[in-house]
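Trainee: I am new to this structure. Please take me through it feature by feature.

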Amino acid sequence: MKISKLLLSFVLSVSLFTQVLSAQMASTGVVLGESDTVSSKEKLVQILSREDVAQRFEEMGVDSKIIEARIASMTNEEASKMALQIETLPAGADAGMSIVGAIVFIFIVLLITDILGVTKVFNFTKPITNN
Amino acid sequence: MQTSYTPRLSAQELDARTLIPAKGGTLQIELIATARANGMLVYPIEPTFEALFAELSADHPVIVLVNRSYSWYPLWHYAPVLGYDAKAQTILSHFADTPKEALPIATFAALWERSGNWGVVLVPPEKLPTSATAKKFLSAAYDLEKIGMTSEAIIAYKTALTRWQDDIPLLFALANAYYRSHQLDQAEEIYRYILLIDPLYSFALNNLADLLCQTGRSDEALQLLDQVVTDNAEIQALVQATRQEIKMGCRE
């Protein structure tokens with residue numbers, strides 16, 4: 001239901017975006033090396049990748065009320081990349097993130113590397129400087 | 001030209017729109033998309049210290065992605081970098097809760113390198129990143145247009161034209177954005193300006209012909225199309241389609 005609404009709003013926004021221009025206009029993408037002709041198959045792929053992202057967002061606990069707005073603010077390229085790589089892309093988190101659950105070995109290794117200045121896992125460490 | 005920047009989203013909205021709970025953080029794509037939805041132009045810097053320092057020296061904070069740990073136990077983190085202390089060889093960043101925390105440059109370099117030296121500058125559309133190139137800036141501004149923020153994109157194109165005067169791709173983007181937002185007089189003026197600089201610029205010839213057709217000046221439109229010289233099949237097809245449109249009387 002939510003997803004079909006997203007789909008509909010995207011189809012609408014795409015058709016509005018192109019409707020303003022006649023099909024005979026060269027878009028700005030041509031000077032950036034983007035292809036100007038989007039086949040209907042490519043259009044379908046773009047719509048489906050947005051739907052994919054919406055579904056993954058829902059599974060990953062994103063508030064369903066804002067999924068639509070979040071996906072609408074992505075370009076087609078971003079939405080496609082998201083659909084393909086959402087599992088593997090790095091997610092930057094808070095620097096105060098808890099490391100409870102990390103085994104003692106990792107803790108000690110990282111503490112040492114922090115002090116050596118090659119990592120910065122803990123907020124309380126001051127790296128020794130040798131430069 | 002607008003001079004004051006007003007954010008579109010509140011801090012709570014920014015928070016809500018960037019977190020993916022299952023990943024416990026924010027993806028780069030969404031950091032960019034949300035900043036853009038907030039009315040900012042997001043410029044990805046070159047992955048070099050040279051680009052980083054260029055922005056810092058103009059007082060543009062750079063948001064970098066760092067891995068605070070190793071690849072086998074990654075702790076990804078975004079840190080706004082605010083300055084560089086050449087004497088102490090430290091990077092000043094709001095790394096955690098301490099404002100302008102000083103990190104030895106070697107430590108920072110090691111952490112930053114793990115993200116492939118990823119960093120972005122956020123500027124309101126009437127400002128330019130110091131390290132920007134015309135083409136990459138155009139691409140970032142066009143991204144604003146792609147998500148429907150055409151008036152911000154127009155400001156950004158105009159800003160860029162103050163640094164790269166008479167840059168044809170930028171002028172073309174500006175004319176298209178005017179056309180897209182139904183400001184036909186401005187669009188026409190800029191297409192004509194492009195043709196003064198380069199009378200054979202086929203994209204401008206085509207789009208101006210299209211505009212003239214839409215505004216009831218088919219004869220001049222056809223004359224413009226006659227001037228297109230190209231062996232590019234895609235441009236030939238485009239021009240053919242415009243010619244067809246003129247024959248059909250321009251309006252459906």
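**Reading the two chains**

Mentor: Begin with helix 10 of chain B: its face turned away from the buried side carries the exposed residues B:Asp219 and B:Asp226. Buried means under 20% relative accessible area, exposed over 50%, and partly exposed in between, with a 1.4 Å probe and protein chains only. Helices (H or I, at least four residues) and strands (E, at least two) are DSSP runs, numbered from the N terminus. This is a predicted model, where local features need pLDDT of at least 70 and side-chain atom pairs count only at pLDDT 80 or more, while totals for chains, interfaces and linings use all residues. Residues are numbered from 1 along each chain as its sequence is written, chains are lettered from A and ligands numbered from 1 in the order in which they are written, and side-chain values use heavy atoms, with hydrogens and water left out.

Trainee: Which residues of helix 10 of chain B are buried?

Mentor: In this helix, residues 218-226, they are B:Ala221, B:Leu224 and B:Leu225. They cover an arc of only 100 degrees around the axis, so they sit on the same side of helix 10 of chain B. The arc is that of the directions from the helix axis to the C-beta atoms.

Trainee: What covers the buried residues of helix 10 of chain B?

Mentor: The cover includes helix 8 (184-197), helix 9 (202-214) and helix 11 (233-247) of chain B. Take B:Leu225, which lies in helix 10 of chain B. B:Leu225 counts as buried, at 1% relative accessibility. Contact means heavy atoms within 4.5 Å. Leaving aside neighbours within four places in sequence, B:Leu225 is in contact with B:Leu205, B:Asn206, B:Ala209, B:Val239, B:Thr242, B:Arg243 and B:Ile246. B:Asn207 is 18 residues from B:Leu225 along the chain, and their C-alpha atoms are separated by 9.6 Å.

Trainee: Which residues of helix 4 of chain A are buried?

Mentor: Helix 4 of chain A spans residues 76-85, and its buried residues are A:Glu78, A:Ala79 and A:Met82. Their arc around the axis is only 100 degrees, which puts them on the same side of helix 4 of chain A. They pack against helix 2 (40-59) of chain A, together with strand 1 (26-27) and helix 2 (28-37) of chain B.

Trainee: Now the cores. Which residues touch the most other members of the largest nonpolar core?

Mentor: A nonpolar core is a set of buried Ala, Val, Leu, Ile, Met, Phe, Trp, Tyr and Cys residues joined through side-chain atoms within 4.5 Å. The largest has 76 residues, and B:Leu52, B:Phe137, B:Tyr157 and B:Tyr191 touch the most other members. Its largest share, 10 residues, comes from helix 7 (residues 168-180) of chain B. Another core of 17 residues lies apart from it, with A:Ile67, A:Leu89, A:Ala91 and B:Leu27 among them.

Trainee: What is B:Tyr191 in contact with?

Mentor: Beyond neighbours within four places in sequence, the contacts of B:Tyr191 include A:Met25 from chain A. B:Phe172, B:Tyr179 and B:Leu211 are also among them.

Trainee: Where is B:Gln28 placed?

Mentor: B:Gln28 is in helix 2 of chain B. B:Gln28 is buried, with a relative accessible area of 15%. Neighbours within four places aside, B:Gln28 is in contact with A:Pro90, B:Leu65, B:Tyr78 and B:Trp118.

Trainee: How many cavities of 30 Å³ or more does the structure hold?

Mentor: A cavity is a set of points on a 1 Å grid over the protein atoms alone, where a 1.4 Å probe fits but cannot get out; lining residues have an atom within 4 Å of a point. Grid points are joined across faces, edges and corners, and a volume is the space filled by probe spheres set on the points. The structure holds one cavity of 30 Å³ or more. About 40 Å³ of space lies in the largest cavity. Its lining is A:Lys120, A:Thr125, A:Lys126, A:Pro127, B:Glu101, B:Ala102, B:Leu103 and B:Pro104.

Trainee: Where does B:Lys100 lie?

Mentor: B:Lys100 is in the loop between strand 5 (90-93) and strand 6 (101-104) of chain B. B:Lys100 has a positive phi of about 50 degrees although it is not a glycine.

Note on methods:
1 Å grid on protein atoms, 1.4 Å probe; cavity = no way out; pocket = protein on both sides within 12 Å on 5 of 7 lines; lining within 4 Å.
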